[in-house]
Amino acid sequence: MTAADSSQDLLPADLTMGTVMLKVGDMKLMTDYYQRALGLDVVAEQDGGLYLGRLKTPLVHLAPAPGLNIPGRGEAGLFHTALLFEDQSSLAATIASAAQYEPQSFVGSADHLVSEAFYFTDPEGNGIELYWDRPREAWSWDGKNVVMDSLALPPQKYLQDHLTQQSVEGQRGTDAEVGHVHLQVGDVQSAHDFYVGTLGFEKTAGWHGQALFVSAGGYHHHMAMNVWNSRGAGPRRDTLGLGEVLIEVPSGDDVGALADRLRVAGVESHHTGAELRFEDPWRNRLRVAVRSVA
């Protein structure tokens with residue numbers, strides 16, 4: 001196989017992560033959290049659901065799902081949605097508002113070498129990462145694996161160093177995006193077979209057979225999967241939590257190439273031409289669509 005042939009089996013290098021849809025039990029509570037704690041605004045409404053984001057870009061879709069239960073800790077599904085901020089001061093402003101809204105929702109922080117990350121949990125148990133990327137030229141690579149770690153990153157000192165009155169007052173006017181989505185799965189090898197072997201992500205890191213990090217175009221990771229809580233988990237029940245992960249690609253040809261790979265692999269999908277819907281081995285729903293031009 002030539003390099004040109006193999007590139008057809010990869011997702012496009014300029015892929016981006018789109019809106020994460022969450023099935024929600026208490027829309028009022030969850031909307032309040034995402035607006036007040038995370039500084040997001042309602043940018044669209046559809047079928048009783050709300051799209052919340054920054055600067056008119058939707059990041060999270062809250063979809064009402066009354067009657068569903070919160071998933072068990074060991075089930076497959078969402079580990080966290082990771083929101084990426086453009087600088088440390090805008091990240092600090094959202095860390096501060098999230099911690100002030102509900103201090104107990106803060107669950108940890110880490111310097112990952114490629115990024116600085118702070119972790120929270122929303123009122124229905126969905127994980128959230130708020131992070132800033134170091135410049136790519138500061139990342140280190142060991143062959144095809146990006147060098148990451150989990151070093152101490154004290155939150156109070158971070159706020160002292162980076163929080164400003166200007167970033168607090170201008171919080172909602174700063175950009176943010178879904179940088180990556182991290183899933184809970186039943187086993188790492190099946191995740192590798194699906195996300196790398198079938199979808200066409202490239203592996204960028206692993207962690208003792210317990211986690212897998214994958215990306216397109218040399219990013220540290222657009223998606224990750226782990227078994228820390230969910231080893232051996234089977235297909236998901238219909239629960240609150242993750243509804244759908246959106247992946248955006250530049251062209252319909254990218255969608256078509258992926259549709260072909262899924263067909264060859266025997267993965268059922270629904271292909272409209274502009275977008276493709278399918279599920280991973282744990283019934284996590286994914287949608288790949290052509291990126292809309294603003």
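L113 is partly exposed, with a relative accessible area of 31%, where partly exposed lies between buried (under 20%) and exposed (over 50%), judged with a 1.4 Å probe and protein chains only. This is a predicted model in which local features need pLDDT of at least 70, side-chain atom pairs count only at pLDDT 80 or more, and totals for chains, interfaces and linings use all residues. Residues are numbered from 1 along each chain as its sequence is written, and side-chain values use heavy atoms, with hydrogens and water left out.

L113 sits in the loop between β6 and β7, and together with V147 and L151 it makes up a nonpolar surface patch of about 190 Å² accessible area. Such patches take residues with over 30% relative accessible area and no salt bridge, nonpolar side chains being joined within 5 Å; a salt bridge places a Lys or Arg side-chain nitrogen within 4 Å of an Asp or Glu carboxyl oxygen.

| Partner of β4 | Direction | Bridges |
|---|---|---|
| β1 (residues 16–24) | parallel | five |
| β3 (residues 49–54) | antiparallel | five |

K23 has A63 in β4 as its bridge partner, while R54 stands opposite T57 in β4. Two residues separate β3 and β4 in their hairpin, and L55 in the turn has a positive phi of about 50 degrees.

Y34 is in contact (heavy atoms within 4.5 Å) with residues including L22, L52, V60 and L62, leaving aside neighbours within four places in sequence.

Conventions. Two strands pair if DSSP finds at least two bridges between them. Helices (H or I, at least four residues) and strands (E, at least two) are DSSP runs, numbered from the N terminus. Patches are made of residues with over 30% relative accessible area and no salt bridge: like charges are joined within 9 Å, nonpolar side chains (Val, Leu, Ile, Met, Phe, Trp, Tyr) within 5 Å. Accessible areas come from the Shrake-Rupley method with a 1.4 Å probe; for residues, only the protein chains shown count as cover.
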